[in-house]
Structures are given as structure tokens and as C-alpha cells.
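Here's a protein to get to know by looking at its parts one at a time. Have the sequence and the 3D view ready as you read.

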Amino acid sequence: MISLTDSQKIGMGLTGFGVFFLFFGMVLFFDKVLLAIGNILFVAGLAFVIGLERTFKFFFQRHKFKATSFFLGGVVVVLIGWPIIGVVLEIYGFFLLFRGFFPVAVGFIRRVPVLGSILNLPGISGLVDKVSDSNNMV
């Protein structure tokens, strides 16, 4: 079993609440307040889970400058009060930031019994292959 420090446990809770607020902010027609709270909690939780120094190193690498600017710019746009535009910017930045992780995640999901068979359906398989190919999202 994985041993977590107290700050990592707090970070997992903050990240979970952040995802919860982001989800319900989108379900409730892009509610500005819920999205803003979700963004703040998600970024703070990420910093608690992996540490402040590693968070800065992850976001502010030279080759991830475009992705970081889209993601954090989307957070700022949501905080200013334009939630739909901000969420679109955040999603694009998120895909650019974590595009190296998508092939691993898709490979894992394809081994899960029910989800794997869904991902291997003819129409979905091509789309998933495009998304999991890290060179397509430049």
C-alpha cells in the first residue's frame, strides 16, 4: 500500500473537492463561482500532492510554456468572469500539459474488461488512437 504524508492527504482532498466543484460548475451551466472555487482547489491540491517545488518545475518548463499559459490563462479568465471561454482554454492547456500521459492511460483503460471493449469499437477506436498519439496535439 502507498504511504502518504499528511500534506499529500490534504492535497488529495483538495484536488477531489476541486474536481467536484469543477464538475458541478459545468453541470450547472458554467457557474462562475463554482468553477473559480474548483480551479483554486485543484491547483492548490496539486501543489500539496506533489510539492510546491515540483509543481513549479512541472508547469514552468521551457517546452511546456504554451500549455501552462493556456491552462493558467484559462483559470484567470474564469476568475475574471468568462467561464465558458476560460474552461475551453483550460481544457486545451490540460491536454497540452498531460499529452505524454495519455498513451499510458489509454493503454491501461484498454486492459480494463468493459472499458477496453468500448474503446475498441470501430468509431471510437480511431478517435482514441488520435487522442492517445502524443504527436497530434501540438
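This report goes from the overall build to one helix, then to the rings, the surface and the charged pairs.

## Before you start

What you're looking at is a predicted model, where local features need pLDDT of at least 70 and side-chain atom pairs count only at pLDDT 80 or more, while totals for chains, interfaces and linings use all residues. Residues are numbered from 1 along each chain as its sequence is written, and side-chain values use heavy atoms, with hydrogens and water left out.

## The overall build

The protein chain has eight helices and zero strands. Helices (H or I, at least four residues) and strands (E, at least two) are DSSP runs, numbered from the N terminus. Reading along the sequence, you get the pattern α-α-α-α-α-α-α-α. The C-alpha trace spans about 40 × 40 × 35 Å along its principal axes.

Of the chain's 138 residues, 31% count as buried. Buried means under 20% relative accessible area, exposed means over 50%, and partly exposed is in between (1.4 Å probe, protein chains only). The accessible surface comes to about 9200 Å², and 75% of that belongs to carbon and sulfur atoms; such areas come from the Shrake-Rupley method with a 1.4 Å probe, and for residues only the protein chains shown count as cover. Now take the contacts (heavy atoms within 4.5 Å). Among those with a separation of 6 or more, 50% are between residues 24 or more positions apart.

## A look at helix 4

Helix 4 has 16 residues and reaches 22 Å from its first C-alpha to its last, close to the 22 Å expected at 1.5 Å a residue. That expected span is 1.5 Å times one less than the number of residues.

Which residues of helix 4 are buried? They're Ala67, Thr68, Phe71, Gly74, Val75, Val77 and Val78. These buried residues pack against helix 2 (32-50), helix 3 and helix 5.

## Rings that pair up

Rings of Phe, Tyr and Trp (its six-membered ring) pair if their centres lie within 6.5 Å; planes under 30 degrees apart count as stacked, over 60 as edge-to-face, and the rest as tilted. By this rule there are eleven aromatic pairs. In one of them, phenylalanine 59 and phenylalanine 71 have ring centres 6.0 Å apart and planes at 15°, so the pair is stacked. This pair links distant parts of the chain, with phenylalanine 59 in helix 3 (residues 52-59) and phenylalanine 71 in helix 4 (residues 65-80), twelve residues apart. Both phenylalanine 59 and phenylalanine 71 are buried.

Phenylalanine 70 and tyrosine 92 make an edge-to-face pair, at 4.8 Å centre to centre with 85° between the planes. Phenylalanine 70 sits in helix 4 and tyrosine 92 in helix 5 (residues 83-97), so the pair ties together parts 22 residues apart in sequence. Phenylalanine 70 is partly exposed at 27% relative accessible area, and tyrosine 92 is partly exposed at 33%. There's also a cluster: ring pairs link Phe58, Phe59, Phe71, Phe94, Phe95, Phe98 and Phe102.

## A nonpolar patch

On the surface, Phe108, Ile109, Val114, Leu115, Ile118, Leu121 and Ile124 form a nonpolar patch with about 600 Å² of accessible area together. Patches are made of residues with over 30% relative accessible area and no salt bridge: like charges are joined within 9 Å, nonpolar side chains (Val, Leu, Ile, Met, Phe, Trp, Tyr) within 5 Å.

Helix 6 (102-111) and helix 7 (113-119) each supply at least two residues of the patch, and helix 7 gives the most, with three. Valine 114 is in helix 7 and is exposed, with a relative accessible area of 57%.

## Two salt bridges

Side chains of opposite charge can pair when their charged atoms come close. How many salt bridges does the structure hold? It holds two, where a salt bridge is a side-chain nitrogen of Lys or Arg within 4 Å of a carboxyl oxygen of Asp or Glu.

Glutamate 53 bridges to lysine 57, with the closest N and O atoms 3.3 Å apart. Both lie in helix 3, four residues apart, which is about one turn of the helix. Glutamate 53 is exposed at 56% relative accessibility, and lysine 57 is exposed at 52%. Aspartate 129 forms a salt bridge with arginine 110, with the closest N and O atoms 2.8 Å apart. This pair links distant parts of the chain: aspartate 129 is in helix 8 (residues 122-132) and arginine 110 in helix 6, 19 residues apart. Aspartate 129 is partly exposed at 35% relative accessibility, and arginine 110 is partly exposed at 27%.
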